[in-house]
Amino acid sequence: MKSLYQILTIAAFSLCSLNLIAQDGDGADALAKQLQNPVANLISVPFQANYDLNVGPNDGTKFLTNVQPVIPISISENWNLIGRAIIPIIKQCDVNGNSGKQSGLGDAVISGFFSPKAPTKGGLIWGVGPVILAPTATKDELGSEKFGLGPTAVALKQINSVTVGCLINHIWSVAGKDDRADVNATFFQPFVAKNFSGGYALTFNTELTQNWDYDLTSGTFHIVASKVVSFGSQMTQIFAGPRIHYGSGNAAEWGIRAGITLLFPTKS
């Protein structure tokens, strides 16, 4: 784990020195701006690595990689359906006291946003739809063993180079093992992003989960720097930044986020 942390730290500090753009700067800027919009007409596949330290009373560690494909589908002249999945791959040690090591898949979260292709007259971009919690965890310690459903929504506005918005969902468990706790949780993610010339961006967001049955709040604040680059013909975003944990239900103290997003622009 120590070597992994060193690699992620180096990635964070070397981000600003990248100079791999193979297409014009305007193209990189446009892609960087699209990436701030969760319902943009852009196919993307993020690989988001999160490394957390000092988790729980035994100072455990947790390495979480979220694979998050986003696929827009045109369903009419004026509407898109944006399919989004979050597939967690987890490796952890002593996160629940002296609980040892576990690794495998966690529970997947699958969302579908029905979104107008054009913003409103006031410039608002929005989408609403269902969210599904799928019990895909390969070990008991890595998931809820519950199947869940609920609503999700996103709204944002892009004013020149600044994007302000929020994504929210709520999931209730509707099936699963009776001996596991029910799911009744709200996820809330406000975000602010600033884009800069050359495909650079700086994003501030918080990912807040409220467990209503146990009155527990788990939050993580992120400051993420990113840049759109190309590796040959493959357009990619590279990103990195710190994770700051807070809330009564969050056992970790701090961590780091880094990763890449593969980009596949679609025709308008």
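Good morning. Please keep in mind throughout that the model is predicted. I shall begin with the overall picture and then turn to individual residues.

The protein has 268 residues, and 43% of them count as buried. Its secondary structure consists of 14 strands and two helices. How much of the contact total, at a separation of 6 or more, comes from residues 24 or more positions apart? The share is 56%. As for the surface, the protein exposes about 13300 Å², and 62% of that area is supplied by carbon and sulfur atoms.

Let us look at one residue of the interior. Leu263 belongs to strand 14, which covers residues 254-265. Is Leu263 buried or exposed? Its relative accessibility is 2%, so Leu263 counts as buried, the limit being under 20%. Setting aside neighbours within four places in sequence, the contacts of Leu263 include Leu31, Leu35, Leu42, Ile43 and Val228. Met235 is also one of its contacts. Between Leu263 and Met235 there are 5.4 Å from C-alpha to C-alpha, although the two are 28 residues apart in sequence.

I now come to the charged residues. Side chains of opposite charge can pair when their charged atoms come close. How many salt bridges does a search of the whole structure find? The search finds five, and I shall discuss three of them.

The pair to start with is Arg243 and Asp52, whose closest N and O atoms are 2.9 Å apart. Arg243 and Asp52 are both buried.

Glu145 counts as buried because its relative accessibility is 17%. Lys177, at 44%, counts as partly exposed.

The other joins Arg180 to Glu145, and its closest N and O atoms are 2.4 Å apart. Arg180 is in the loop between strand 9 and strand 10, while Glu145 is in the loop between strand 7 and strand 8, so this pair ties together parts that are 35 residues apart in sequence. Arg180 has a relative accessible area of 24% and is therefore partly exposed. Which residues are linked in a network of salt bridges? They are Glu145, Lys177 and Arg180.

Let us move to the surface. Asp140, Glu141, Asp178 and Asp179 gather there in a patch of negative charge.

Asp178 is located in the loop between strand 9 (162-176) and strand 10 (184-196). With a relative accessible area of 78%, Asp178 is exposed, because exposed means over 50%.

Glu141 is located in the loop between strand 7 and strand 8. Its relative accessibility is 48%, and so Glu141 counts as partly exposed. Which residues does Glu141 touch, if those up to four places away in sequence are not counted? It touches Gln92 and Gln102. The C-alpha atoms of Glu141 and Gln102 are separated by 7.5 Å, while the residues are 39 apart along the chain.

The surface also carries a nonpolar patch, formed by Val162, Val164, Val192, Phe204, Phe221, Ile244 and Tyr246. Together these residues have about 530 Å² of accessible area. Which strands each supply at least two residues of the patch? These are strand 9 and strand 13. Val162 is one of the residues in strand 9. At a relative accessible area of 30%, Val162 is partly exposed.

Let me close with a brief review. Inside the model, Leu263 is buried, and so are Arg243 and Asp52. Glu145, Lys177 and Arg180 form a network of salt bridges. On the surface there are a patch of negative charge and a nonpolar patch. Thank you for your attention.

How values were computed. Residues are numbered from 1 along each chain as its sequence is written. This is a predicted model: local features need pLDDT of at least 70, side-chain atom pairs count only at pLDDT 80 or more; totals for chains, interfaces and linings use all residues. Side-chain values use heavy atoms; hydrogens and water are left out. Helices (H or I, at least four residues) and strands (E, at least two) are DSSP runs, numbered from the N terminus. Buried means under 20% relative accessible area, exposed over 50%, partly exposed in between (1.4 Å probe, protein chains only). Contact means heavy atoms within 4.5 Å. Accessible areas come from the Shrake-Rupley method with a 1.4 Å probe; for residues, only the protein chains shown count as cover. Patches are made of residues with over 30% relative accessible area and no salt bridge: like charges are joined within 9 Å, nonpolar side chains (Val, Leu, Ile, Met, Phe, Trp, Tyr) within 5 Å. A salt bridge is a side-chain nitrogen of Lys or Arg within 4 Å of a carboxyl oxygen of Asp or Glu. Lys and Arg count as positive and Asp and Glu as negative; His and the chain ends are not counted. The place of a charge is taken as NZ of Lys, CZ of Arg, CG of Asp or CD of Glu.
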